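I opened my notebook and went looking for how this chain is put together. Here is what I looked up, entry by entry.

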Amino acid sequence: MLRRVVLSLLLTLPLFYSHISHAQDTQENTHVFLLQDVPISVNYPDGWAVQETSNGAAFINLQEESYVAILPDIMIYFLCDTFELPDSRRAAADELVGCVLPNWAQPISEPTSIDMADQREELLYQAENPETGEFALNLVVPYPDEQRGIERYILLFATSSIGQMTDLQNALVEMGSSLKVGDEVALETASVRTSIDVSETLLSKSIHPAALFDSHILGWGPCGQIVEVSLEGSIISTAEQDECYDVRTLYPAPDGSIWVPVRKAENSDGPIDYLLNLMPDGTRLGEIRSDELPDDLRQIAADADGKVYLLYTMTTQSQNNPGIGLEETETWIQVWSSEGEFQYQFLVGQGEYVIPQGRGALEIGPDGLLYFLDSGNNGIRVFDTAGNLIKDNIALNKVTIGNVSGFRFLPDGTMVVGVYPGSFLPIAHPAILHLDADGQLLGIFSWGALGLSSETEAANQWTNDIPIDFYMNDDGELVVLASTTGGIQVLFLTISPPQAGS
């Protein structure tokens, strides 16, 4: 029981076995994940399971009910109620064991330096609880934080019964020996081939950039006019309209049209009035006016057949605590026909939902399925168009809806997700995550790694520093519409595969 309590405390998530990805039956298992915005690679024993959380990862021996948790040193803030990070590995070991299990006996051995193959020295620390027959091991691995110019620590915390001490200690040392951090991890890298600053055009015309589509920038200007801008920053077209709209975002469709939620100017704080479908030059293709339209619309997606999917939230009476006034938030998807007729709706998530910046919550994959970023799970849920759950927990804890600014599929079926610093995802810089179809990390391209500053200045009037949208051009470059210090840029990224032997 104590081990389960400690695991829940360390990882801040209950241990649901349905959320655990089990290792394949191979001689050696390697897992790659993000610890804050630092890539981590580690080998772990065959037959163990892996659970990622927003704070790190747990490697679990289900048969012996033991585990190893890999955590960043910043977790000492939360676990030990302190405002200072430890200034040494010994202090980190003392602090973590001492505050997580304050009733345990004194350490049964002195901290031990272990010689690793790469000459790093880890610190092994042991403590036991004689009342329960349990013990804890703490391995502290230093690494240089080049962006901040300081030494940081990775904490490997393990616990099991006394009878499993030797086996777990061996597993812990082997995991520490295999640990790779930052540039040592074999991930894709990216470099900026060229960048184009389009701020002057956008600022002079008061255009808010919203999306990349068909090699152009789409945005809206005064009175909600749709404006099409080239990647070089010249105005291509400005939609003609006979009235002003309160446009706050827009959503491109596969047929080249745009869906726009419209509020009349005098109704700017209320729900949408209708949905407008038009071409970038202003040609109206249709609209949806119905009492069925949701009040709290969050995102629109359209498929190649013309169906329209509306992601929205609603507040309902809690079913778990009926009669005491508690409420909970539900997230739904409505399905509308290409003729603008309401067809059906289905539930996709429960719990608090935070609206992302830009196109960051719903995407239609190349397989025709609906990919929804689930805030309650910090992962991606996949539904078919009838509302059946097909896959769950993709990219678990690699993405959190409160810190996602864009979400796109590339032609090869991989995903790119734009993330930015905030309370839900403790990263140091805005970044682009490249994930495979199963949510495994292929590359992380941070503003710092790309040589971009992320210090927001007053000149950037539209957003904080975030990746706004992406697409892959015919040359195989990732084109990024990005908000950076001083304004809006179009970046052309060349992605390189992992280097052999890295």
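**Entry: around Phe-59.** I listed the neighbours of Phe-59, skipping residues up to four places away in sequence. Phe-59 touches His-31, Phe-33, Val-42, Tyr-44, Trp-48, Ala-49, Val-50, Ser-66, Tyr-67, Val-68, Ile-70 and Met-175. I took contact as heavy atoms within 4.5 Å.

**Ground rules.** I noted that this is a predicted model, where local features need pLDDT of at least 70, side-chain atom pairs count only at pLDDT 80 or more, and totals for chains, interfaces and linings use all residues. Residues are numbered from 1 along each chain as its sequence is written, and side-chain values use heavy atoms, with hydrogens and water left out.

**Entry: the cores.** Which residues have the most contacts inside the largest nonpolar core? I found Phe-59, Ile-70, Ile-154, Leu-156 and Leu-179, in a core of 28 residues. At least two residues each come from β2 (29–35), β3 (38–44), β5 (56–61), β6 (66–72), β9 (134–145), β10 (150–161) and α4 (165–178). Apart from this core lies another, of 22 residues, including Ile-380, Val-382, Leu-441 and Ile-444. My terms: a nonpolar core is a set of buried Ala, Val, Leu, Ile, Met, Phe, Trp, Tyr and Cys residues joined through side-chain atoms within 4.5 Å. Buried means under 20% relative accessible area, exposed over 50%, and partly exposed in between (1.4 Å probe, protein chains only). Helices (H or I, at least four residues) and strands (E, at least two) are DSSP runs, numbered from the N terminus.

**Entry: β3.** I found 6 of the 7 residues of β3 buried, so this strand is largely enclosed by the rest of the structure. β3 pairs antiparallel with β2 over 7 bridges, and Tyr-44 in β3 stands opposite Asn-29. Strands count as paired if DSSP finds at least two bridges between them. β3 also pairs antiparallel with β11 (residues 180–181), over 2 bridges; there Ile-40 has Val-181 as its bridge partner.

**Entry: Ser-191.** Is Ser-191 buried, partly exposed or exposed? Its relative accessibility is 38%, so I logged Ser-191 as partly exposed. Ser-191 sits in β12 (residues 189–197) and touches Leu-450, Phe-492, Leu-493 and Thr-494, again not counting residues up to four places away in sequence. Its C-alpha atom is 8.2 Å from that of Ser-496, 305 residues apart along the chain.

**Entry: an open sheet.** I traced 4 strands in the order β30-β31-β32-β33, with antiparallel pairing. β30 (404–409) and β33 (441–446) stand at the edges with a single partner strand each, so one side of each has no neighbour in the sheet. Between β30 and β31 (residues 415–419) I noted 5 bridges, with Val-404 opposite Val-419.
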